[in-house]
Amino acid sequence: DSWHLRGLTLHECGKLEDALAAWDHCLTIDAGHVESWFNRGAVLAALSRYREAEAACDRAIELGDMGPHAHFNRAEVLIAQNRWDDGMTALDNAVGRFDGTGWVYACDTEAIVEHVLTRTPGSAAEWPRRIGELLALFQRERMVPVLARSLLATIRELSGPTLTPELARAWLEAWEGQAGPDTHFAMEMSLRCLAAAVGFRESKD
C-alpha cells in the first residue's frame, strides 16, 4: 500500500512516469492490487499509451472493480483508439453505474468529448452521428450538464492552431444540430460560449 500511496502522490504532482513506476512496483508485490491496476490504466491513458491502458482497465475490472470509473476509463481508451462502437458500449455500461454524483465523472467525459473532436476518422463528417449518440446516452441518464461542462473544455482546442476556423464552425454546428432548440439549459449555455469562441476565432483569422 505504501507504493500505491506513493504513486498517488506522484500523480498529484504531475509526475506520471514516476507514478506509473510506483504502481508497477506495487503490482510486483501484489499482482491483484485492484487500485494499482485502475490507476495504472488512468495514467497510461494520460500518456497516450492506449493499448496498455486498455489492458490495465480490463484487469482492474476482472479483479472486481465494478464502479463507474474503471468503465469510464475503458470507454475513453477505446474511443481514443477509434473503436467507437466498443467505446460507446463501455460508456453505456459506465453511466449505467451512475450514483448521482455526476461531477465526479466530468474529467472522464471531457476526455471522451475531446477524443471525438481530435481523433474521429473523417473528422467533421462523423461528428453529428457521434455527438448524437453521446447526447442520447447522457439525456437518458439525466447527465446532460456533465456533457455540457465537458463541451466547454473543447474551446481551448478550437482556439489553437490544430483546427481550422472552418472545422471549429463545423464542430459548433454539429452540436447545435444534434442538441436542437429544446436542449437542457446547461447545454444551451455551453453552446452559447462555444459560439462566442468560434466567432472570436473567425474574427481573428
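An axis here is a line fitted to C-alpha atoms, for helices over the stretch in contact, and angles run from 0 to 180 degrees between N-to-C directions. Keep that handy for these exercises on a predicted model.

**Exercise 1.** Work out how α6 and α8 are oriented relative to each other.

*Solution.* 
Step 1: Get the geometry. Helix α8 covers residues 127–140, and it packs against α6 at an angle of about 15 degrees, with the axes 10 Å apart.
Step 2: Apply the cut-off. Angles under 35 degrees count as roughly parallel, so α6 and α8 are roughly parallel to each other.
Step 3: See who touches whom. From α6 come W84, D85, M88, L91, D92 and V95, while α8 brings R129, R130, E133, L134, L137, F138 and R140. Sorted by class, that's 7 nonpolar and 6 charged residues, with no polar ones.

**Exercise 2.** Describe how α2 meets α3.

*Solution.* 
Step 1: Helix α2 spans residues 16–29, and its axis comes within 10 Å of the α3 axis, crossing at roughly 155 degrees.
Step 2: That makes this pair roughly antiparallel, too.
Step 3: The crossing of α2 past α3 is left-handed.
Step 4: Among the residues that meet are L20, W23 and L27 in α2, and W37, V43 and L44 in α3. The class count for this contact is 9 nonpolar, 2 polar and 2 charged.

**Exercise 3.** Find out what lines the largest pocket.

*Solution.* 
Step 1: Start with the space: the largest pocket holds about 560 Å³.
Step 2: Look at the middle. There are 22 lining residues, and A42, N73, E76, C107 and D108 are the closest to the centre.
Step 3: Ask which elements give two or more residues to the lining: they are α1 (2–12), α3 (34–46), α5 (68–80) and α7 (106–119). α7 gives the most, with 7 residues.
Step 4: Sort by class, and you get 10 nonpolar, 6 polar and 6 charged residues in the lining.

Terms used
Residues numbered from 1 in each chain as written. Predicted model: local features only at pLDDT ≥ 70, side-chain atom pairs only at ≥ 80, totals over all residues. Heavy atoms only, no water. 1 Å grid on protein atoms, 1.4 Å probe; cavity = no way out; pocket = protein on both sides within 12 Å on 5 of 7 lines; lining within 4 Å. Points joined across faces, edges and corners; volume = space filled by probe spheres on them. Helix = DSSP H or I, 4+ residues; strand = E, 2+ residues; numbered from the N terminus. Nonpolar A, V, L, I, M, F, W, Y, C, P; charged D, E, K, R; others polar. Parallel < 35°, antiparallel > 145°, perpendicular 65-115°, else oblique. Contact = heavy atoms within 4.5 Å. Left-handed = near helix turned anticlockwise from the far one by under 90°.
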